[in-house]
Amino acid sequence: MIAPSLLSADFARLADEADAVTGPPGEGADWLHVDVMDAHFVPNLTLGLPVVQSLLRATVVPIDCHLMIDDPDRWAIGYAEAGAYNVTVHVEAARDPVALARDLRAAGAKAGLSVKPGTPLEPHLETLRHYDTLLVMSVEPGFGGQSFMPEVLDKVRAVRRMVDTGHLRLLVEIDGGINADTIEAAAEAGVDCFVAGSAVYGAEDPGRAVRALRRKVLEATPDRGWSL
Ligand code: DX5
Ligand code: ZN
């Protein structure tokens, strides 16, 4: 799956920017990734629930909310209740991530857990059993356009093995520095869902950029048995 990140889009034209990557299955974006930042958990400020509510009315593409905020135990539920498809919180910020996952799911959303590049997975494996997606950050969260950190692929490989052997059931998402040069390595490591901001919205034709990224994934992993 390809999830363009609106962080690199024109915030004054979010509905048009969503339309630019909307297309039939296997062509357009699978999810639209929305980065919520609070200027506390990360040193940047973006948008919040009112904008996400408007976006939900403006697009048919499932919304993938990435909450880079303090106290997600308090705030994340609103995004699930609003109708976001997947709501991801940071393990570094959550006080009770198991209860949080239960509440997100009860509100009708998928529950996502994200780890910063320096955060190991081992202490959180039990917690991950309660989650539907794992978002592996491949840059320090906060800004688009940073360089991919290939060392995080060790975490992707480890969790891919656990999923393939039935020890975990979740989708593996990667976020940060994904572009035509880096996406193949991420695909080979076992990523299911690729977030790309500047590589999509920095391109002349965002829709074509999505198709090109998807083609790279399919070429790099002919044996994954992807179903579009
Ligand atoms: C960064 C955000 C990303 C961002 C990625 O903290 O979580 O979703 O949009 O941007 P690129 O793809 O440009 O690295
Ligand atoms: Zn993100």
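## A walk from helix α4 to the zinc site

Just after helix α4, Gly 108 takes a positive phi of about 100°. Before going further, some ground rules: this is a predicted model, in which local features need pLDDT of at least 70 and side-chain atom pairs count only at pLDDT 80 or more, while totals for chains, interfaces and linings use all residues. Residues are numbered from 1 along each chain as its sequence is written, chains are lettered from A and ligands numbered from 1 in the order in which they are written, and side-chain values use heavy atoms, with hydrogens and water left out.

Back to α4, which covers residues 97–106. Helices here are DSSP runs of H or I with at least four residues, strands are runs of E with at least two, and both are numbered from the N terminus. In α4, Pro 97, Ala 99, Leu 100, Ala 101 and Leu 104 are buried. Buried means under 20% relative accessible area, exposed means over 50%, and partly exposed is in between, using a 1.4 Å probe and protein chains only. The cover over those α4 residues includes α3, β4, β5 and α5.

Now for the sheet. It is open and has eight strands in the order β1-β8-β7-β6-β5-β4-β3-β2, with parallel pairing; two strands pair if DSSP finds at least two bridges between them. At the edges sit β1 (2–4) and β2, each pairing on one side only. From one strand to the next the twist averages 25°. Helix α3 (residues 72–82) packs on this sheet, where it touches β2, β3 and β4 (86–90), and its direction makes about 165° with that of β4. Angles like that run from 0 to 180 degrees between N-to-C directions, with axes being lines fitted to C-alpha atoms, for helices over the stretch in contact.

As for its neighbours, four bridges join β5 to β6 in parallel, and Val 115 stands opposite Val 136. β6 also pairs with β7 in the parallel sense, over five bridges, and there Leu 135 has Glu 173 in β7 as its bridge partner.

Lying across β5, β6 and β7 is helix α6, which runs at about 170° to β7. This helix (residues 153–164) has 12 residues and reaches 16 Å from its first C-alpha to its last, close to the 16 Å expected at 1.5 Å a residue; the expected span is 1.5 Å times one less than the number of residues. Its buried residues are Leu 153, Lys 155, Val 156, Val 159, Arg 160, Met 162 and Val 163. They pack against β5 (110–115), α5 (125–128), β6 (133–137), β7 (171–175) and α7 (183–189).

Arg 160 of α6 has a relative accessible area of 12%, so it counts as buried. Leaving aside its neighbours within four places in sequence, Arg 160 is in contact with Val 172, Ala 189, Gly 190, Asp 192 and Arg 224; contact means heavy atoms within 4.5 Å.

After α6 comes Gly 166, whose phi is positive, near 85°. His 167 is found in the loop between α6 and β7, and it is exposed because its relative accessible area is 54%. Beyond its neighbours within four places in sequence, His 167 is in contact with Arg 129 and Met 162. The C-alpha atoms of His 167 and Gln 146 are separated by 33 Å, though the two residues are 21 apart along the chain.

Last stop, the zinc ion (ligand 2). Its protein donors are His 33 (NE2), Asp 35 (OD), His 66 (ND1) and Asp 175 (OD), lying 2.0 to 2.3 Å from it. Donors are N, O and S atoms within 2.8 Å of the metal (3.2 Å for Na, K and Ca), and water is not among the atoms, so sites may look incomplete. In sequence the donor residues are spaced H-x1-D-x30-H-x108-D. Distant parts of the chain are linked here by Asp 35 in strand β2 (residues 32–37) and His 66 in strand β3 (residues 63–68), 31 residues apart. Asp 35 is buried, with a relative accessible area of 5%, and His 66 is buried too, at 0%.
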